[in-house]
Amino acid sequence: SSAGGLKTAPICADKTFMVVPVPGAIKNREKLLAAANLAPPFSPILNRLLARMAHEDVQLSELAELIEKDTVLAGNILRTVNSVLYGMVSEVNSIQHAVCILGLEKVRKIALTMSFANLWRRGPDAPGWSTVRFNLHSTAVGILADLMVQNLPAEYPEGAFLAGLFHDFGKLLIAHNLGADYEIFNRRCLEKDSDWEAIEADLLGITHPELSASALARWKLPQPIVEAVRLHHAPEFTPGEIVPLGRVVQTADRCINKLGICVSAAAPEDAKGAAAELEALGLGDRASRLLDELLFELNLAKAFFN
């Protein structure tokens, strides 16, 4: 059968799909790479904000002044600090006061998460695609990756949140460009024991980690982040060494999927399996605490997706 250029072999006796190379895969690859190059980067205000936060001598007052220039960001900063999760006795109305309470890293996460959600608020018109699921999964992986590098020796720990946030960006580009054909493609990938990347390579000529990395390179994000995203499904790692950033993202991704927060479809929660993923990197005695912190921060972030 075929639909919109996505061709498949007939269903076999064991009821699984067979993937056959598609003559148009190279054309699909070129189209998707072009889409990655055209994907919008961050807003000018966010670029300036992130640049200032990268300096050790940054003043919170400087950040407050920049945040005040973006009314949506400012509103979300105030909403976060005044949420029941923070339990403030009296309402905080000043951005400077809010920034002091939240701290540099928390402000950075809020700014990135909110901007990420706003960029992709209007999801692709693709049956089976959910922008809400995509945003929640991506944000959860970013949050957990960031929590992980605070508790283990990892390469380029400052890039963990961004690498986690954008690790599946290629999936969004695929959904945007396949449109109605995405349902067929997604169903194929969800078949039992399917190799998602192999199917992407056969049908599209490129995998979602490659697409994600291409967009991040175009935005001139640091090379360690680009490479971590490119390799997040197959990072090299020898136990006992400093953990590569790609392995951090891979573990966070697997953990979040086991919690049922998936891009492609809802899944049952496997809390023990999620903890086991963290234990495999030597985080066993801290796994429960990290998962509690993850859920706390994710609850704050969910407000940005409404």
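# Briefing: salt bridges, aromatic pairs and buried helices

The whole structure contains 8 salt bridges, a salt bridge being a side-chain nitrogen of Lys or Arg within 4 Å of a carboxyl oxygen of Asp or Glu. The model is predicted: local features need pLDDT of at least 70, side-chain atom pairs count only at pLDDT 80 or more, and totals for chains, interfaces and linings use all residues. Residues are numbered from 1 along each chain as its sequence is written, and side-chain values use heavy atoms, with hydrogens and water left out.

**Overall architecture**

- The secondary structure of the protein chain amounts to 16 helices and 2 strands; helices (H or I, at least four residues) and strands (E, at least two) are DSSP runs, numbered from the N terminus.
- Of the 306 residues in the protein chain, 51% are buried, where buried means under 20% relative accessible area, exposed over 50%, and partly exposed in between (1.4 Å probe, protein chains only).
- The accessible surface of the protein chain is about 14400 Å², and carbon and sulfur atoms account for 54% of that surface; accessible areas come from the Shrake-Rupley method with a 1.4 Å probe, and for residues only the protein chains shown count as cover.
- Among contacts between residues at least 6 apart in sequence, 66% join residues at least 24 apart, a contact meaning heavy atoms within 4.5 Å.

**Salt bridges**

- Side chains of opposite charge can pair when their charged atoms come close.
- Aspartate 146 and lysine 109 form a salt bridge in which the closest N and O atoms are 2.8 Å apart.
- This pair links distant parts of the chain, with aspartate 146 in helix α7 (residues 131–149) and lysine 109 in helix α6, 37 residues apart.
- Both partners are buried: aspartate 146 has a relative accessible area of 7%, and lysine 109 has 8% relative accessibility.
- A network of salt bridges links Lys106, Lys109, Asp146 and Glu297.
- Arginine 230 forms a salt bridge with glutamate 227, with 3.1 Å between the closest N and O atoms.
- Arginine 230 and glutamate 227 are 3 residues apart in helix α13, a separation of about one helical turn.
- Arginine 230 is partly exposed at 34% relative accessibility, and glutamate 227 is partly exposed with a relative accessible area of 28%.

- Lysine 171 forms a salt bridge with aspartate 168, the closest N and O atoms lying 3.8 Å apart, and both residues are buried.
- Lysine 171 also lies over the face of tryptophan 196, at 4.3 Å from the ring centre; a charge sits over a ring if NZ of Lys or CZ of Arg is within 6 Å of the ring centre and within 35 degrees of the ring normal.
- In helix α9 (residues 169–178), 8 of the 10 residues are buried, so the helix is largely enclosed by the rest of the structure.
- The buried residues of α9 include Phe169, Lys171, Leu172 and Leu178.
- Just after α9, glycine 179 adopts a positive phi of about 60 degrees.

**Aromatic pairs**

- The whole structure holds 6 aromatic pairs; rings of Phe, Tyr and Trp (its six-membered ring) pair if their centres lie within 6.5 Å, and planes under 30 degrees apart count as stacked, over 60 as edge-to-face and the rest as tilted.
- Phenylalanine 166 and tryptophan 219 form an edge-to-face pair, 5.4 Å centre to centre with 80 degrees between the planes.
- The pair links distant parts of the chain, 53 residues apart: phenylalanine 166 is in helix α8 (residues 160–166), and tryptophan 219 is in the loop between α12 (208–218) and α13 (223–230).
- Phenylalanine 166 is buried at 0% relative accessibility, and tryptophan 219 is buried with a relative accessible area of 13%.
- The ring centres of tyrosine 182 and phenylalanine 185 are 6.1 Å apart and their planes stand at 45 degrees, so this pair is tilted.
- Tyrosine 182 and phenylalanine 185 both lie in helix α10 (residues 182–189), 3 residues apart, about one turn of the helix, and both are buried.
- One aromatic cluster is formed by Trp129, Phe134, Tyr182 and Phe185.

- In helix α4 (residues 71–81), the buried residues are Leu73, Ala74, Asn76, Ile77, Thr80 and Val81.
- Seen down the axis of α4, these buried residues fall within an arc of 165 degrees, so they line one face of the helix; the arc is that of the directions from the helix axis to the C-beta atoms.
- Arginine 108 lies in helix α6 (residues 104–119) and is buried, with a relative accessible area of 13%.
- The C-alpha atoms of arginine 108 and leucine 49 are 8.3 Å apart, although the two residues are 59 residues apart along the chain.
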